[in-house]
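I have a protein model open and want to get to know it a bit at a time. These are my notes, in the order I looked things up.

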Amino acid sequence: MHRFILVARQTAASLGCRGPGGCRAFLRQDGALRGAAGLAAARPPSARLPSARLPSARLPCARLPRPARGDAVRWSSAAKASAVKITEKASREKILTLESMNPQVKAVEYAVRGPIVLKAGEIEKELRKGIKKPFTEVIKANIGDAHAMGQRPITFLRQVVALCTYPNLLDSPSFPEDAKKRARRILQGCGGNSLGSYSASQGINCIREDVASYIERRDGGVPADPDNIYLTTGASDGIATILKILVSGGGKSRTGVMIPIPQYPLYSAAISELDAIQVNYYLDEENCWALDVNELRRSLNEAKAYCNPKVLCIINPGNPTGQVQSRKCIEDVIHFAWEEKLFLLADEVYQDNVYSEGCQFHSFKKILYEMGPEYYNNVELASFHSTSKGYMGECGYRGGYMEVINLHPEIKGQLVKLLSVRLCPPVSGQAAMDIVVNPPIPGEESYSQFIKEKESVLNNLARKAKLTEDMFNTVPGIHCNPLQGALYAFPRIFIPSKAIEEAKTHKMAPDMFYCMKLLEETGICVVPGSGFGQREGTYHFRMTILPPVEKLKILLEKVKDFHIKFLEKYA
């Protein structure tokens, strides 16, 4: 105890606690040090004694007379000055700064949630505060989030997920037996019969079996092996994972990844993060965004001078362009990939979203099989699907799958190892994916309602696709190709040279400037085409067709009025 008092007095003296009441003033001024416990905290750990042996009431300095008012002010000032010096000494440069962070992460850009969306969020906050704008709400047409735009969930899917989430509902008469049957099967595949348990890294086995059966039905009997199915956290997770395992080399041998322009920014973002080489090939806007093999060949040959192109990405139906590839086009692409020894990635998340007459979705897997064993047994192909698009629109569940065929057996083990690092995809998302691939069938209790809801969503989307195309094509300075599929319009817009010059003064791309003005004057949030890539000298924006029909009509009218005024202002 005497040793503690001695150390306490020495500590107080070293910090200027001299004179009457000095020690108490010291204790009072430093909020972190109070009584004996505070003084103990100020000492090195090796010098501390058990707190039970240090009652503050027994400290001699606690019994000193109260200082005069002037003394308290004087010692208070000294303590504050000392605290400032300690703080200055303690401060240091941050370890993680923009200069020291991973440069690949800094290079990542994702236009769909980029600056324009941040600005939209700021405007929404201002509207909530009562700040007057020329509009009363922000319409976020920047992203394909169906339920956020008012689309109703598919009843059967939600019933099964609800039953899996809260199994006590299995005894409820409010749920149909076909939903209960699927929920029981999914739960039996879960550890402890609970959706809250981890699954195998590749996904729940019975769900992978259902995915394989779905692919076989979709592709007219083309065989699918559940062992080639990997459940994922949305399609994005699968795409990023496959790219991660494909990228290697350095310098001119660094992996090149061929992507369509315009593209979905996930691809450019993943390529940047992995420090791979982006190899652009351009879709033919004059021919309804068609994919031309001659353009693929040009792109590949040019890229060979600076990288090793070994991946070819296809988005079908297209995002943001909405084209649906013909069977002949897919055959040409597969032959090109076989000939040039390219690994094919087929992003097919919009496979249910086909609207135009004469257009039909063909999976790359099916066409590859039908081209014969020379192709089917050799071309490496990863195909992706998701719960987020189609008629389901269940973005938040983050459910998806990929089918990977002709993978080298040793690489398959490496892929499973890589997937195991993230343990497993969300099990609720896996359950949602199961209902997409295993919906009610004719004769089951829920079939009639399911088909009615599914067709209602898809018919409504087809109507809105045509409405959007027709409306844009009535506006001077806007041209929109047919929306054959997917969930977006990607119209080409004319931007006068005066507006281009003003955009430069704001250090903005011209179409970013246009979209920012559109947001600020109408409350409509769309994504500039520069975020997806476009040919030099052309300008576009991407807009989803998901808003309800009446709101979509209002949105299109506002865009029309804005564009006409924009042309008048900058003509």
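This is a predicted model: local features need pLDDT of at least 70, side-chain atom pairs count only at pLDDT 80 or more; totals for chains, interfaces and linings use all residues.

**Entry 1: what the labels mean.** Helices are DSSP runs of H or I with at least four residues, strands are runs of E with at least two, and the numbering starts at the N terminus.

**Entry 2: the whole chain.** How many helices and strands are there in the protein? I get 21 helices and 14 strands. The protein has 571 residues, and 50% of them count as buried.

**Entry 3: a proline at a cis bond.** I went to Pro-317, which sits in the loop between strand S5 (308-315) and helix H13 (327-340). The peptide bond from Asn-316 to Pro-317 is cis, and its omega is near -10°. Is Pro-317 buried or exposed? The cut-off for buried is under 20% relative accessible area, so Pro-317, at 0% relative accessibility, counts as buried. Skipping residues up to four places away in sequence, I find Pro-317 touching Gln-323, Val-324, Tyr-350, Gln-351, Asn-353, Val-354, Phe-361, Gly-485 and Ala-486. I checked a C-alpha distance too: Pro-317 and Gln-360 are 9.7 Å apart in space and 43 residues apart in sequence.

**Entry 4: following one of those contacts.** With a relative accessible area of 1%, Ala-486 is buried.

**Entry 5: another positive phi.** Asn-193 is a residue other than glycine with a positive phi, near 55°. I found Asn-193 in the loop between helix H8 (177-188) and helix H9 (205-218).

**Entry 6: another cis bond.** Which residues does it join? They are Ile-261 and Pro-262, and omega is about 5°. Pro-262 lies in the loop between strand S3 (255-261) and helix H11 (265-273).

**Entry 7: a charged residue inside.** Glu counts as charged, so I wanted to see where Glu-285 ended up. Its place is the loop between strand S4 (277-282) and helix H12 (293-303). Glu-285 has a relative accessible area of 12%, which means it is buried. What does Glu-285 contact beyond its neighbours within four places in sequence? I noted Asn-481, Arg-492 and His-540.

**Entry 8: a leucine in a helix.** Leu-157 is part of helix H7 (residues 155-165). With 2% relative accessibility, Leu-157 counts as buried. Leaving out residues up to four places away in sequence, it touches Met-392, Glu-394, Tyr-397, Ala-432, Ile-435 and Val-436. Leu-157 and Phe-450 are 293 residues apart along the chain, yet their C-alpha atoms are separated by 9.0 Å.

**Entry 9: H20 and a partner.** Next I looked at helix packing. Helix H6 (residues 115-128) and helix H20 (residues 510-522) have axes 11 Å apart and pack at an angle of about 15°. Angles under 35 degrees count as roughly parallel, so H6 and H20 are roughly parallel to each other. Their contact is made by Pro-115, Ile-116, Lys-119, Ala-120 and Ile-123 of H6, with Met-512, Cys-515, Met-516, Leu-519 and Glu-520 of H20. By class I count eight nonpolar, no polar and two charged residues there.

**Entry 10: H20 and H21.** The axes of H20 and helix H21 (residues 549-570) come within 11 Å and cross at roughly 120°. That makes H20 oblique to H21. On the H20 side, the contact residues include Phe-513, Tyr-514 and Leu-518; from H21, they include Val-559, Phe-562 and Phe-566. This contact has seven nonpolar, two polar and three charged residues.

Terms used:
Residues are numbered from 1 along each chain as its sequence is written. Side-chain values use heavy atoms; hydrogens and water are left out. Axes are lines fitted to C-alpha atoms, for helices over the stretch in contact, and angles run from 0 to 180 degrees between N-to-C directions. Angles under 35 degrees count as roughly parallel, over 145 as roughly antiparallel, 65 to 115 as roughly perpendicular and the rest as oblique. Contact means heavy atoms within 4.5 Å. Buried means under 20% relative accessible area, exposed over 50%, partly exposed in between (1.4 Å probe, protein chains only).
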